[in-house]
Amino acid sequence: QVQVVESGGGLVQAGGSLRLSCAASGSFFSISATGWYRQAPEKQRELVAHITTPGRTNYADSLKGRFTISRDNAENTVCLRMNSLKPEDTAVHYCNVELCTHRLDEYSYWGQGTQVTVSS
């Protein structure tokens, strides 16, 4: 059983910062990569940032320079630091973990999501 839990969302004023955390736990062999996605009301879920276990990162073009993704491999956690937040960043933010089981099958797990609300 694998669990993915996000934390750190909340309400912040425009220009403020938030730090989201994603923790994976359970029985698996290794984590290949972790991504943060977000979904605003009536919009499709979109990639925010993605990081592989070796540390290769990828960001949505519109968010480069404001958001930073990092990981702690020993703790199986990934953080997303969001600076200079704007009202249009308001969305439910989801963590997705790509991992290998002990049988070396590859699976992808989603967390429940954490709400980020930016007031103007």
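1. Two strands pair if DSSP finds at least two bridges between them. Helices (H or I, at least four residues) and strands (E, at least two) are DSSP runs, numbered from the N terminus. The model is a predicted one, in which local features need pLDDT of at least 70 and side-chain atom pairs count only at pLDDT 80 or more, while totals for chains, interfaces and linings use all residues. Residues are numbered from 1 along each chain as its sequence is written, and side-chain values use heavy atoms, with hydrogens and water left out.

2. Overall make-up. The protein chain has 11 strands and 0 helices, so that from the N terminus on its elements read β-β-β-β-β-β-β-β-β-β-β. Its radius of gyration is 14 Å, close to the 14 Å that the globule rule gives for 120 residues, so the chain is as compact as a globular protein of that length. The radius is taken over C-alpha atoms, and the rule is 2.2 Å times the number of residues to the power 0.38. Along the principal axes, the C-alpha atoms fill a box of roughly 50 × 25 × 25 Å.

3. Of the 120 residues, 42% count as buried (under 20% relative accessible area; exposed is over 50% and partly exposed in between, with a 1.4 Å probe and protein chains only). Contact means heavy atoms within 4.5 Å. Among contacts between residues at least 6 apart in sequence, 55% join residues at least 24 apart.

4. Surface and charge. The protein chain exposes about 6,800 Å², of which carbon and sulfur atoms supply 45%; areas come from the Shrake-Rupley method with a 1.4 Å probe, and for residues only the protein chains shown count as cover. There are 11 positive and 11 negative side chains, and the centres of the two sets lie 5 Å apart. Lys and Arg count as positive and Asp and Glu as negative, without His and the chain ends; a charge is placed at NZ of Lys, CZ of Arg, CG of Asp or CD of Glu.

5. Strands β7 and β8 (residues 77–82) run antiparallel and are joined by 6 bridges. Ser70 stands opposite Cys79 in β8. The hairpin has 4 residues between the strands, and Asn76 takes a positive phi near 55 degrees there. Asn76 is partly exposed, at 25% relative accessibility.

6. Glu42. This residue also has a positive phi, near 65 degrees, without being glycine. Glu42 lies in the loop between β4 and β5 (46–52) and is exposed, with a relative accessible area of 87%.

7. Ser27. The loop between β3 (18–26) and β4 (30–39) holds Ser27, which is partly exposed at a relative accessible area of 46%. Leaving aside neighbours within four places in sequence, Ser27 is in contact with Gln1, Val2 and His102. Ser27 and His50 are 23 residues apart in sequence and 22 Å apart in space, C-alpha to C-alpha.

8. Glu106. Strand β10 (residues 106–110) contains Glu106, which is exposed with a relative accessible area of 66%. Not counting residues up to four places away in sequence, Glu106 touches Leu99 and Cys100. Trp36 is 70 residues from Glu106 along the chain, with 18 Å between their C-alpha atoms.
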